[in-house]
Amino acid sequence: MGRQQIDQISKELDRLYPGDAKTLCALRFETPFQLLVATVLSAQTTDAVVNSVTQSLFARFPTPEALGSAPVDEVARLIYSTGFYRTKASHVVALADRITHQYGGEVPSELAELTTLPGVGRKTANVVRSVYFGLPGLPVDTHVTRLSNRLGLSNSQTPEAIEQDLCVLVPEDRWGSLSLQLILHGRRICRAKTPSCFRCELSAYCDSAPSSVRVSP
Ligand code: SF4
């Protein structure tokens, strides 16, 4: 893929989905701890479902200290609708306890520290870094994987390799927003089973667009 093609995709995504990572993130949070917990809960569900449970979860357990000493069963009941609720409840209670006792109640911002927390992988860590701290971080989920491959931004298959490919294509301050823009475009237009190429604003620059819709940029 040429530089011009990447720049055009990036520019078009900025036009369609303006804003930085914090603006584009649909999860509701007030503190980095709340964002971390919300992101862990967001696996395999929608942001809307997460937002509907975190309100009562954070009202009941507002701090890392409170959540870290919460009964796992009670947390599981509160987050039931997010799915995988037993595992998620164990993770958020354990990570709250670690943040309380190892980090003095403050969420760390370094990737190497974040990824040692229970239930926190590279994707979640990069969400917290880019959305809350405004640090370089490019979360790769299923939408980012699919769109990166279809657009021709990356031929890699693993999230870590795709992250590396994308990170060299755009500057650090675009990593977080690019990830969220690809997610939004994946949900709206470039869906997994039925991509709407005929009405896709990126079709002129997309390696996978059918020739019938691929016009010269
Ligand atoms: S042209 Fe089609 S495959 Fe390419 S990004 Fe748009 S919807 Fe996806």
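A residue counts as buried under 20% relative accessible area, as exposed over 50% and as partly exposed in between (1.4 Å probe, protein chains only). The model is predicted: local features need pLDDT of at least 70, side-chain atom pairs count only at pLDDT 80 or more, and totals for chains, interfaces and linings use all residues. Numbering runs from 1 along each chain as its sequence is written, and side-chain values use heavy atoms, with hydrogens and water left out.

Three aromatic pairs are present in the structure. Rings of Phe, Tyr and Trp (its six-membered ring) pair if their centres lie within 6.5 Å; planes under 30 degrees apart are stacked, over 60 edge-to-face and the rest tilted. F29 and Y132 are edge-to-face, because their ring centres lie 6.3 Å apart with the planes at 65°. F29 is in the loop between helix 2 (21–24) and helix 3 (32–41), and Y132 is in helix 9 (residues 122–132), so the pair ties together parts 103 residues apart in sequence. Helices here are DSSP runs (H or I, at least four residues), numbered from the N terminus.

F29 is buried, at 17% relative accessible area. Y132 is partly exposed, at 29% relative accessibility. Y132 also pairs edge-to-face with F133, at 5.2 Å between centres and 85° between planes. F133 is partly exposed, at 29%. F29, Y132 and F133 make up one aromatic cluster. K22 lies over the face of Y132, 5.0 Å from the ring centre (NZ of Lys or CZ of Arg within 6 Å of the ring centre and within 35 degrees of the ring normal).

The residues surrounding the ligand include R150, L151, I189 and C190 (a heavy atom within 4 Å).

Key:
Helix = DSSP H or I, 4+ residues; strand = E, 2+ residues; numbered from the N terminus.
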